[in-house]
Structure formats: structure tokens, C-alpha cells
Amino acid sequence: MTSILHSVSSILPSRVNSAERLGVPSLRNPVEFTRRRHGWSTSDFESSGRRLVVRAAETDTDKVKSQVPDKAPAGGGGSSINQLLGIKGAAQETNKWKIRLQLTKPVTWPPLVWGVVCGAAASGNFHWTPEDVAKSILCMLMSGPCLTGYTQTINDWYDRDIDAINEPYRPIPSGAISEQEVITQVWVLLLGGLGIAGTLDVWAGHTTPTLFYLALGGSLLSYIYSAPPLKLKQNGWVGNFALGASYISLPWWAGQALFGTLTPDVVVLTLLYSIAGLGIAIVNDFKSVEGDRAMGLQSLPVAFGTEAAKWICVGAIDVTQLSVAGYLLASGKPYYALALLALIIPQIVFQFKYFLKDPVKYDVKYQASAQPFLVLGIFVTALASSH
């Protein structure tokens, strides 16, 4: 349970480096870096209609080595657990299946699994029978390993040029996995997720393939989030809301549609909660302010300044939950409203204790302490929706 709650801090596919605005080459033309006798040279980047050539000053590379590490941490410097979870600090790995798993970032799966649980609870029709448990597990497999794995892999693919500069030992820029293997993985995960969605529609007896449509729409949203020309994550508002909707609304809808009926009021309620997801996503933007500003990436801390963005962040999280509590109270569910309010109070306390003091220094402490209460609040709302 703790791991599920703590993982909310990773929702997203990673915002990744702020230099994304430099542009991403087409799927078939990965960026090439060559080390020459007199330093590093890169392929030309294009940004805002200007051509930018990045070259180091001439020097003898036999005497001065590149400051960018060529290999991932090995031995005691890297963690095999981090490697399997797909997070920083991973040990170097040569096993192809472990590398494939690393690309899917398993650490980001639990929020989607939790979303399915909330949707099933909100349906009011889930029963602890072998059939319903099997359906829910299959839905979690679709939402987590398959479609979130697809999302993370394609996000890494489109960020490979930036990773080649900052983290050249990552699987794609290091060449630990080939272009064709990455493309194959993307298609296998995508088609696997869509296939499971269609199977669940048949199993649930749907006349309209609701789950298939949800999976298809979510996959498209994931693609345009990472890939040009739309690349939603270049815009702080749109990109962060897309993350919130993907990690809160979509798995909830899938779980509820599987066991019950997805109603318009639930759609509105979960999209409202996605605004809180926007706030969670902003938390991860503060540590990249300088780079975002230099590269023209309009994250909210860049667009509004750090001080204003801090309040936008906590405002999105708190006002959303207070609005949901008000909705529950107006719907004749005062006990659920009070329970949600009780979960909001510690979040506000931790916001003042950590996040509002220094969103960079205390971001991990804040997410670990406050966000579990947010996730529990989502579950309380799901239970309220079932009555």
C-alpha cells in the first residue's frame, strides 16, 4: 500500500530534461553523436527556426576527458533494483529483457493500478469472486505494464537526443537496445494493451467496446504528449493536465466501465480530480527551472515565476479536493465529505512545512508525506460514487 501511495510522485511519464524544445528527430532518424579528435560535435538541432550547432572548444581528448559519463553506475555505484524499476541510479545492465523492463518504468505502474481499484469501487458492482478478481487483474495489466509501459517507452524514444547529452548510458542512447527493438517493444505493448481492452469488452458483455475506446484514446493522448508536432508537454498547462487525466481519470473510467456504467457525472468528477493531478505534475517542474528557461520550455514555474507557481500548485491540489468535498456534501453524502476534508488537512500542513518553504529542497519529503492523503481521498470519493 505504501509503495502504491508513494509512487504517485512519479506519475507521469517523466517531464524529462528541459532541452526538449530543441526538437526531436523523426522516429526513424535517431540523433548521432560522434567523438572526434578535437572534442565532441553533434548533429544540428533546430529551435525556433534557428540552426544551432553545439561544439566544444578544440582540445586534445587524449588529455581532457568528457565530463559526461560513458557508462551507467556499476558495482556499488548503481542499484539493480533501480534498474528494474526504471529510475535514476540504475546499475549498468546487459540482459536484454531487464533493459526492456527498465524502459517501461515499473515504478510508474502503481498509480494506474490504484485508478482501476477506484473505478471498480465506484461501480458498486465489484464482488470478491474469482471471475471479478480475474477481470480486475487483467484490467490492471492493461493499464499498468502494457499501456503505461508503452507510454514510457515512447517517451524515452522521443527524448533520446537529450539523454544522449545528459545520460548517455541510458538504454536507448547507449545502444544497449537497438532502434528496431525499441520500435518493436512500442508496438507489442500498444497492441497488447488494445487486445486486452477488447477482450475485457467481450468478457463484460459490452455492446459498445467502451474499454477499447478508452485504451485507444489514452494511447493517442500518450503519443501526442511526447511526440512532435503537438508534443503537449512543451506547454505547462496542457501537458500537466494531460498527465493528470491519464493517471487519474482513464484508469478509473476503465475500472468503472468494466464492472458498471460510466456515467457523465463520474466523468466530470474525475476530470475535476485531474486538476489536482496537474498540481502534482507541477511539483516536478521546479527542479528544472533554469534549464527550462534557457531552452524556452514554458513550464509553470518558468511562465509565472517560482513563488507564484508554488501557490498555483497547492491551489490546484487543495481547491480541487475542497470542490469535490462540496459536491459530495451537496449530493447528500456528508460523511464522505467530512472524510475527504479530514484527508485534506494534513496535506495543507505538509505543504506549509515542506513545499512552500522550498519546492526543490523538500519535493521528495513533500510528496512522500502529503500525496498518500490525496490518493486516499480519491478512493473515498470512489466509494462515495458507488452509493
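This is a predicted model: local features need pLDDT of at least 70, side-chain atom pairs count only at pLDDT 80 or more; totals for chains, interfaces and linings use all residues.
Residues are numbered from 1 along each chain as its sequence is written, and side-chain values use heavy atoms, with hydrogens and water left out. Helices are DSSP runs of H or I with at least four residues, numbered from the N terminus.

**Salt bridges**

- A search of the whole structure finds 5 salt bridges, each defined as a side-chain nitrogen of Lys or Arg within 4 Å of a carboxyl oxygen of Asp or Glu.
- One of them joins the side chains of Glu181 and Lys96, with an N to O distance of 3.0 Å; this pair links distant parts of the chain, since Glu181 belongs to helix H8 and Lys96 to helix H3 (residues 96–104), 85 residues apart.
- Glu181 counts as partly exposed at 22% relative accessibility, and Lys96 is partly exposed with a relative accessible area of 29%.
- Another salt bridge brings together the side chains of Lys105 and Asp156 at 2.8 Å, N to O, and this pair too links distant parts of the chain, with Lys105 in the loop between H3 and H4 and Asp156 in helix H5 (residues 130–158), 51 residues apart.
- Within helix H14, Lys310 and Glu307 lie 3 residues apart, about one turn of the helix, and they form a salt bridge whose closest N and O atoms are 3.1 Å apart.

**Aromatic contacts**

- The structure holds 12 aromatic pairs, where rings of Phe, Tyr and Trp (its six-membered ring) pair if their centres lie within 6.5 Å, and planes under 30 degrees apart count as stacked, over 60 as edge-to-face and the rest as tilted.
- Among them, Trp114 and Phe379 form a tilted pair, because their ring centres are 5.5 Å apart and their planes stand at 45°.
- Trp114 lies in helix H4 (residues 110–123) and Phe379 in helix H16 (residues 363–385), so the pair ties together parts that are 265 residues apart in sequence.
- Trp114 is buried, with a relative accessible area of 11%, while Phe379 counts as partly exposed at 24% relative accessibility.
- Phe126 and Trp128 form an edge-to-face pair, 5.1 Å centre to centre with 85° between the planes; Phe126 is partly exposed at 21% relative accessibility, and Trp128 is exposed at 75%.
- Phe350, Tyr354, Tyr362 and Phe373 form one aromatic cluster.

**Surface patches**

- Patches are made of residues with over 30% relative accessible area and no salt bridge, with like charges joined within 9 Å and nonpolar side chains (Val, Leu, Ile, Met, Phe, Trp, Tyr) within 5 Å; the areas come from the Shrake-Rupley method with a 1.4 Å probe, and for residues only the protein chains shown count as cover.
- A nonpolar patch of about 450 Å² is made by Leu322, Tyr335, Leu338 and Leu341, and H15 gives the most to this patch, with 3 residues.
- Leu322 is placed in helix H14 (residues 306–330) and counts as partly exposed at 44% relative accessibility.
- A positive patch is formed by Lys353, Lys357, Lys361 and Lys365, where Lys and Arg count as positive and Asp and Glu as negative, with His and the chain ends not counted, and the place of a charge is taken as NZ of Lys, CZ of Arg, CG of Asp or CD of Glu.
- Lys353 is found in helix H15 (residues 334–355) and is partly exposed, at 44% relative accessibility.

**A buried loop residue**

- Ile177 lies in the loop between helix H7 (171–174) and helix H8 (179–204), and Ile177 is buried, with a relative accessible area of 2%.
- The C-alpha atoms of Ile177 and Lys96 are separated by 7.2 Å, although these residues are 81 residues apart along the chain.

Key
Helices (H or I, at least four residues) and strands (E, at least two) are DSSP runs, numbered from the N terminus. Buried means under 20% relative accessible area, exposed over 50%, partly exposed in between (1.4 Å probe, protein chains only).
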